[in-house]
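Please look at the sequence and the structure before reading on.

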Amino acid sequence: MEGRIEVIVGDISDALPGSRVFSVVMANLIARILADKAEAISRQLAPGGILICSGVIEERETLVIDAFAAQGLAATFRVQAGDWVALRFERG
């Protein structure tokens with residue numbers, strides 16, 4: 001996959017220029033940080049893009065869903081292992 005996947009480490013608020021968008025964004029963060037960064041993460045997602053969020057404890061899942069819904073993303077898939085949830089969001 002070398003040359004096909006770009007991994008960027010850092011805070012999304014300052015790691016990328018606002019004009020860059022991606023067809024797939026993966027974020028393995030706790031619910032509070034996902035919710036706090038929902039706007040910044042959503043800005044980096046291309047139209048028709050997919051966002052995968054993991055690291056969400058089940059009891060805080062609604063916080064994440066609501067934060068990304070406010071940015072125009074819909075949760076389209078959910079998987080759970082124990083208390084941990086991963087969500088896929090899509091932008092139409």
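## An aromatic pair

A search of the whole structure turns up one aromatic pair. Rings of Phe, Tyr and Trp (its six-membered ring) pair if their centres lie within 6.5 Å; planes under 30 degrees apart count as stacked, over 60 as edge-to-face and the rest as tilted. The partners are Phe-68 and Phe-89, in a tilted arrangement with 5.1 Å from centre to centre and 40° between the planes. The pair joins distant parts of the chain, since Phe-68 belongs to helix α4 (residues 61-69) and Phe-89 to strand β4 (residues 84-91), 21 residues apart. Helices (H or I, at least four residues) and strands (E, at least two) are DSSP runs, numbered from the N terminus.

Phe-68 and Phe-89 are both buried. Buried means under 20% relative accessible area, exposed over 50%, partly exposed in between (1.4 Å probe, protein chains only).

## Model and confidence

The model is predicted: local features need pLDDT of at least 70, side-chain atom pairs count only at pLDDT 80 or more, and totals for chains, interfaces and linings use all residues. Residues are numbered from 1 along each chain as its sequence is written, and side-chain values use heavy atoms, with hydrogens and water left out.

The predictor's confidence in each residue is its pLDDT, from 0 to 100. The average for the protein chain is 90, and 95% of the residues score at least 70. Confidence is lowest in helix α1 (residues 12-15), with a mean of 69, and highest in α4, at 98.

## The sheet

Four strands make an open sheet with mixed pairing, in the order β1-β2-β4-β3. Strands β1 (22-28) and β3 are at the edges with a single partner strand each, so one side of each has no neighbour in the sheet. From one strand to the next, the twist averages 15°.

Strand β3 (residues 73-81) pairs with β4 in the antiparallel sense over eight bridges; two strands pair if DSSP finds at least two bridges between them. Ala-75 stands opposite Phe-89, and Ala-81 stands opposite Trp-84. The hairpin of β3 and β4 has two residues between the strands, and Gly-82 takes a positive phi near 65° there.

## Leu-45

Leu-45 lies in strand β2 (residues 45-57). Leu-45 counts as buried because its relative accessibility is 4%. Beyond its neighbours within four places in sequence, Leu-45 is in contact (heavy atoms within 4.5 Å) with residues including Val-21, Phe-22, Leu-73 and Arg-91.

Definitions and conventions. Axes fitted to C-alpha atoms, helices over the stretch in contact; angles between N-to-C directions.
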